[in-house]
Every structure is written in C-alpha cells, then in structure tokens.
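Subject: Structure handover

Hello,

Here is the structure for your review. My notes follow below it.

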Amino acid sequence: MADLVLMQLARIVKNDLSDKQVIYLKEQNGDRQFPIIIGFFEATNIDLRVNHADRPLRPLTHDLIVGVAESLGAKVESVVISEFRNEVFYAVLRLNKDGETIEVDSRPSDAIAVATTFRPILPIYVSREVFDRFTS
C-alpha cells in the first residue's frame, strides 16, 4: 500500500442551509488535510457514529452493507479513495473473504460512513496521486 496515504477523519463541517457538507481527512503522519464534499444524510450518519451516538433500533443503509458482507462471510477491512475523474471522487470498500481481497465500488461518503460503523474506525486511505493533487 505504498501508493496510499493513511488518513484519519479530522472534522465534519455541517451546514443546515445546504445539501452539501464537507468532511476533512487528515494524513495520519502529517498535517495536510483532504476535503470531500458529501451529502447531508452521509454527513449526519458519520457525525452520529463519530460522536458515539446510540445505534438506531433498525439498521441504516451503512449498517446493512456491513451486515450483508458479514452474512456472506466477508470482513470489511478498509476504504480507499482511489481516483478523481470528471470532477468526481471514486472509492472502494476493501473486503476480505477467505484471504482474498474484494474491492467494491463506492461513493467516498458511503465508504467512510461504513468505516465509521466500526470501533475503531476502519482505515481510510487516499491514493497518493489524488492526495497530492488536492493538498499541494
């Protein structure tokens, strides 16, 4: 994973007057931050998980994703924000099933929301190419 930068969730900037919210990822071994614009629902879900709110009585979409993976014998291991193409970020959820890595296409916001359903939060990576483009 040499071409990946390990990140941590630094902050969530919510604006009730807009459907566009911003999360900032900070490089684990440095000071540079990486912003991503996400939707209101995803920002709210991430914020609830990060602030250790009680789990809802019924699973939300991000809980459902984890439940489906586990029911199929896979373990969600990490998130990778892999590319930026045509003004859109792309990400994958990395799962492990029987020692094989499976990458599932995902929006970064959904992947990060899935990562925050775990304690500790699953590792979040950004490809070096994307990271350097948005932090230089």
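Strand E3 (33-39), E5, strand E6 (100-106) and helix H3 (108-115) each supply at least two residues of the lining of the largest pocket. Helices (H or I, at least four residues) and strands (E, at least two) are DSSP runs, numbered from the N terminus. This is a predicted model: local features need pLDDT of at least 70, side-chain atom pairs count only at pLDDT 80 or more, and totals for chains, interfaces and linings use all residues. Residues are numbered from 1 along each chain as its sequence is written, and side-chain values use heavy atoms, with hydrogens and water left out.

Pocket

The volume of the largest pocket is about 210 Å³. Its lining has 15 residues, and the closest to the centre are Ile37, Phe89, Arg107, Pro108 and Ser109. E3 gives the most to this lining, with 4 residues. By class, the lining holds 8 nonpolar, 3 polar and 4 charged residues.

The terms are as follows. On a 1 Å grid over the protein atoms alone, a pocket is an open set of points where a 1.4 Å probe fits, with protein on both sides within 12 Å along at least five of seven lines; lining residues have an atom within 4 Å of a point. Grid points are joined across faces, edges and corners, and a volume is the space filled by probe spheres set on the points. Ala, Val, Leu, Ile, Met, Phe, Trp, Tyr, Cys and Pro count as nonpolar, Asp, Glu, Lys and Arg as charged, and the others, Gly among them, as polar.

Strands

Two strands pair if DSSP finds at least two bridges between them. E4 (residues 75-85) and E5 (residues 88-97) run antiparallel, joined by 9 bridges. Valine 80 stands opposite valine 92 in E5, and arginine 85 has valine 88 in E5 as its bridge partner. The E4 and E5 hairpin has 2 residues between the strands, and asparagine 86 there takes a positive phi near 55°.

E5 is also joined to E6, antiparallel, by 7 bridges. Leucine 93 has valine 104 in E6 as its bridge partner. This hairpin too has 2 residues between its strands, and aspartate 98 in the turn has a positive phi of about 55°.

E4 runs parallel to E7 (residues 124-127), with 3 bridges. Isoleucine 81 has valine 126 in E7 as its bridge partner.

Core

The largest nonpolar core has 31 residues; Leu25, Phe34, Ile36, Val76, Ile81, Ile112 and Val126 have the most contacts inside it. H3 gives the most to this core, with 5 residues. Such a core is a set of buried Ala, Val, Leu, Ile, Met, Phe, Trp, Tyr and Cys residues joined through side-chain atoms within 4.5 Å. Buried means under 20% relative accessible area, exposed over 50% (1.4 Å probe, protein chains only).

Contact means heavy atoms within 4.5 Å. Beyond its neighbours within four places in sequence, isoleucine 112 is in contact with Ile23, Leu25, Ile36, Ile46, Val79, Ile81 and Ile124.

Glutamate 42 lies in helix H1 (residues 40-50). Glutamate 42 counts as buried because its relative accessibility is 9%. Not counting residues up to four places away in sequence, glutamate 42 touches His62, Arg107, Ser109 and Asp110.

Aspartate 3 sits in the segment before strand E1 (4-13). Its relative accessible area is 52%, so aspartate 3 is exposed. Leaving aside neighbours within four places in sequence, aspartate 3 is in contact with Val126, Ser127 and Arg128.

Best regards
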